Amino acid sequence: MTTEKSTSRDAFDWKCIVTTCVLMFAFYFAEHVYDLSITVQSLGEANFVDANLDETISSGSLLRKVAFPVIGFWGLCLCAMSGSTKLDLRKLFVHPVWIMLALLISLTFASLLWADDSHLTLKRLIVIASGLLISTGIALNHSTRQLITITATISLCYLVWGILAEISLGTFTPWQSEYRFTGTTHPNNQAVLCGLVILGVISRMMADGKFSLRLAILAFVIFLVMILTKSRTPLLGCVVAVSVLVVLRTSWQIGLSSLFLGATCLSGFMMMVLISEAAVGNQIFAAITLGRTEETTTLTGRIPLWE
C-alpha cells in the first residue's frame, strides 16, 4: 500500500507538465536571448554586460514583467488545488526554520518603507512574491522526485536549445581556444544549468538505488558541455555538491577514507606541479583554470568588477 502511494505521488502527472511548461517558458522569456552568443563573441563579455545592464535599468523588459506574475499565478493555483493536504499549522508556526524564514521575508517586504527607489523595490518584491507562491505551490503538490525531474528537464531543454541556437547562428566553435559556450544566456548561467542536470541525474540514480548507463552517459556529456562554458566557480561547486551527495549516501568509514585519499591525491598533484618545469606548470595551470588565466591572483577574480 505504501509503495503504491509513493509511486503514484512520484508519477509525472498533468500538474508536473504544466509546472514544467510555465517555469520553462517564463524563465526563458525573462532571462534568455536567442542570438546572445553573437553579442558576447563580437563585443566581448565586459561590453555585453554593461550594455544589457544599461538597457534593463533604463527601460526594463515587458516579457519579464509578464513572466514572473504568471509564475506567481500558477503557484497560487497550485496552493488552491492542494486543499486535501493537511498541515499542522500550530507545529509549523513554532518551527525555528519557519520563524527565521518569516522574519527574513518580513524584513524583505518592509524594506519598501526605507528604499530610495520605491518603484524599483516594488517590482523586485513582486518577483519575490511570485517566487514564494510558486515555491509553496510546488512544495504542496510535488514530491522531491518530481521536483528533481522538473528541474533537470527544464535545464536540459535550455541546454539543447542553446546548442541548436549557436549552431544555427554559426557561433558554435568549441575547437577555438577562446570559445565559451553561451547558448541563450550567459556562460556562467549555462554552467549552473549543466550542474542542475548533473545533480538531478545523480540524485535520480541514488533514489532508484541502481546504476543506469543511459543516465551516466547523459551526465558525462553534460559535464563536457559544462567544461565548454569555462565557468570555474559553478564547475567547482558542482564537483563539491556531487561529492557531498556521494558521502551522504555512504558510511562514515568510506567517507573518511575517500576524504583522506582525495587529500593525498591533491597533495601529490600539487607537489608534481611545483617540481615540474615552468612550461609544464603553466600548461597544467591553464588546464585547471579552463584556459582563463586572467585575474587568478585573487581568490574570486572579481575585484576589478567590484571596483
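How many helices and strands does the secondary structure of the chain come to? The count is 15 helices and zero strands. The model described here is predicted.

**The chain as a whole**

The chain has 307 residues, of which 28% count as buried. Among contacts with a separation of 6 or more, 72% are between residues 24 or more positions apart.

The mean pLDDT of the chain is 80, with 78% of the residues reaching 70 or more. Over residues 1–6, by contrast, the pLDDT is below 50, and this stretch has zero contacts in the model beyond near neighbours in sequence. Where pLDDT is low, the predicted coordinates should not be read in detail.

**The nonpolar core**

The largest nonpolar core has 37 residues. Within this core, the residues with the most contacts are L23, I71, I134, L159, I198 and M226. At least two core residues come from each of helix 2, helix 5, helix 8, helix 9, helix 10 (187–208), helix 11 (213–228) and helix 12 (232–248). Helix 10 gives the largest share, nine residues. In soluble globular proteins, nonpolar side chains tend to be buried together.

**Helix 5 and its surroundings**

Helix 5 covers residues 62–81, 20 residues in total. From its first C-alpha to its last it reaches 29 Å, close to the 28 Å expected at 1.5 Å a residue. The buried residues of helix 5 are A67, F68, I71, G72, W74, G75 and L78. Viewed down the axis of helix 5, these buried residues fall within an arc of 160°, so they line one face of the helix. L62, F73 and A80 are exposed on the other side of helix 5. The cover over the buried residues of helix 5 includes helix 2 (14–31) and helix 8 (118–141).

Two residues show this packing in detail. Leaving out residues up to four places away in sequence, I71 touches V22, L23, A26, F27, S130 and I134. T19 has its place in helix 2. T19 counts as buried because its relative accessibility is 0%. Beyond residues up to four places away in sequence, T19 touches W74, L78, I138, H142 and I150.

Which helices do the buried residues of helix 11 pack against? They pack against helix 9, helix 10 and helix 12. The buried residues in question are L215, A219, I222, V225 and M226. Seen down the axis of helix 11, they fall within an arc of 120°, so they line one face of the helix. The face turned away from this buried side carries the exposed residues L213 and F220. At 1.5 Å a residue, the 16 residues of helix 11 should span 22 Å, and the 23 Å between its end C-alpha atoms agrees with that.

K230 lies in the loop between helix 11 and helix 12. The phi of K230 is positive, about 55°, although K230 is not a glycine.

S155 is found in helix 9, which runs over residues 144–169. Apart from residues up to four places away in sequence, S155 touches L193, L196 and V197. C238 is part of helix 12. Neighbours within four places in sequence aside, C238 is in contact with G195, I198 and M226. Of these, I198 and M226 are among the residues with the most contacts inside the largest nonpolar core. C238 and C194 are 44 residues apart along the chain, and their C-alpha atoms are separated by 8.9 Å.

| Residue | Relative accessibility |
|---|---|
| T19 | 0% |
| S155 | 3% |
| C238 | 5% |
| K230 | 13% |

Terms used
Residues numbered from 1 in each chain as written. Heavy atoms only, no water. Helix = DSSP H or I, 4+ residues; strand = E, 2+ residues; numbered from the N terminus. Buried < 20%, exposed > 50% of the residue type's maximum accessible area, 1.4 Å probe, protein only. Contact = heavy atoms within 4.5 Å. Expected span 1.5 Å × (residues − 1). Arc of directions from axis to C-beta. Core = buried A, V, L, I, M, F, W, Y, C linked by side-chain atoms within 4.5 Å. pLDDT = per-residue confidence, 0-100.
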